[in-house]
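Subject: Structure handover and findings

Hello,

Here is the structure I promised to pass on.

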Amino acid sequence: MSRRRLVYEGKAKNLYEGPEPGTLVQYFKDDATAFNKQKHAIIDGKGVLNNRISEFLMTQLNAIGIRTHFIRRINMREQLIRAVEIIPLEVVVRNVAAGSLVKKLGLTQGEALPRPIVEFYYKDDKLGDPMVSEEHIAAFNWADQQDMDDMISMALRVNDFLSGLFMGVGLKLVDFKIEFGHIWDGDNQVVLLADEISPDSMRLWDVKTGRKLDKDVFRENLGDLVEAYAEVARRLGVMPENVAAGEDEGGPKLVH
Ligand code: 5GP
């Protein structure tokens, strides 16, 4: 565990002061939570896998011109990131009906949606992250119109790119949640993709068998979560060598 100053303690990640101004160290824990923390477990090796998978996906997204907070992976559980001012919204993109949308609209799980749907949720654990409209976001000044336009267009580009990437390894990207932050670039405020992109925050189904390889395995008690995440990492070509032990293995090594 890092001895740096703790800046923020989250459910699955901690943030520590970074080595330079404007940077933070993002530490991936093994904690798994669901249903607004009503279900909690420590799952050995989950943090190591999410660190690797998120590094890989953020690096790929950077390469196609999507600005992210990711700088580099430091070790098995930590990555160096740019400090951003987090926009207090969760942005969800859906391709296939699942989860809360099925309940809300009475759809059938697995039904293809007419087109990708972008939704906003207000980040507030006490309220259970309620869904909000652009009207709410503008009225309460959580983000301005330019930010919303940027978040929607970036979310759809992320969706297009990741849907193709996962399809290439036999996985259907059903839906995912991302978060954004602001940084100052000279006099301009720009929006960056922040947080993480991992099987904790997306639904991934095997194209052939329909097997779930994401946090629904934990939510619905479907089996071994680490085995599922390790399968995703294996397919992406980023399987760490020692998942459960979580030992350092000496600096970043991009595999693909
Ligand atoms: P749903 O609204 O169907 O529960 O979730 C839609 C998608 O966003 C799923 O892939 C789910 O994992 C992700 N998601 C929604 N809320 C959260 C959250 O608070 N944390 C994480 N990690 N993922 C979330």
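First, the ground rules. This is a predicted model, in which local features need pLDDT of at least 70 and side-chain atom pairs count only at pLDDT 80 or more, while totals for chains, interfaces and linings use all residues. Residues are numbered from 1 along each chain as its sequence is written, and side-chain values use heavy atoms, with hydrogens and water left out.

**Ligand site**

The shell around the ligand has 16 residues. Arg94, Ser100, Asp175, Arg203 and Arg219 come nearest. By class, the shell splits into 8 charged, 5 nonpolar and 3 polar residues.

Now the polar contacts. A polar contact is a pair of N or O atoms within 3.5 Å; within protein, one must be able to donate a hydrogen and the other to accept it, and residues adjacent in sequence count only if both atoms are side-chain atoms. An N or O atom in the side chain of Arg94 is 2.8 Å from an oxygen atom of the ligand. For Arg219, a polar side-chain atom lies 2.9 Å from a ligand oxygen atom. For Glu90, the distance from a polar side-chain atom to an oxygen atom of the ligand is 3.1 Å.

How much of the ligand does the protein bury? Taken alone, the ligand exposes 500 Å², and the protein buries 81% of that. Accessible areas come from the Shrake-Rupley method with a 1.4 Å probe; for residues, only the protein chains shown count as cover.

Helices (H or I, at least four residues) and strands (E, at least two) are DSSP runs, numbered from the N terminus.

**Aromatic rings**

The structure holds 3 aromatic pairs. Rings of Phe, Tyr and Trp (its six-membered ring) pair if their centres lie within 6.5 Å; planes under 30 degrees apart count as stacked, over 60 as edge-to-face and the rest as tilted. Tyr122 and Trp142 make a stacked pair, at 3.9 Å centre to centre with 15° between the planes. Tyr122 sits in strand 10 (residues 112-122) and Trp142 in the loop between helix 3 (134-139) and helix 4 (145-167), so the pair ties together parts that are 20 residues apart in sequence. Both Tyr122 and Trp142 are buried. The cut-offs: buried is under 20% relative accessible area, exposed is over 50%, and partly exposed is in between (1.4 Å probe, protein chains only). Ring pairs link Tyr122, Phe140 and Trp142 into a cluster.

One charge also sits over a ring. Lys39 lies over the face of Phe218, at 4.7 Å from the ring centre. The test: NZ of Lys or CZ of Arg within 6 Å of the ring centre and within 35 degrees of the ring normal.

**Positive phi**

Asn36 is not a glycine, yet has a positive phi of about 50°. Asn36 is in the loop between strand 4 (31-34) and strand 5 (39-42). Asn36 is partly exposed, with a relative accessible area of 37%.

Asp129 also has a positive phi of about 50° without being a glycine. Asp129 is in the loop between strand 10 and strand 11 (131-132). Asp129 counts as buried, at 18% relative accessibility.

**Single residues**

- His182 is in strand 12. His182 counts as buried at 10% relative accessibility. A polar contact of 3.0 Å joins the side chains of His182 and Asp147.
- Leu89 lies in strand 9. Leu89 counts as buried at 1% relative accessibility.
- Val25 lies in strand 3 (residues 23-28). Val25 is buried, with a relative accessible area of 0%.
- Glu135 is in helix 3. Glu135 counts as exposed at 64% relative accessibility.

Best regards

Notes: Near = heavy atom within 4 Å. Nonpolar A, V, L, I, M, F, W, Y, C, P; charged D, E, K, R; others polar.
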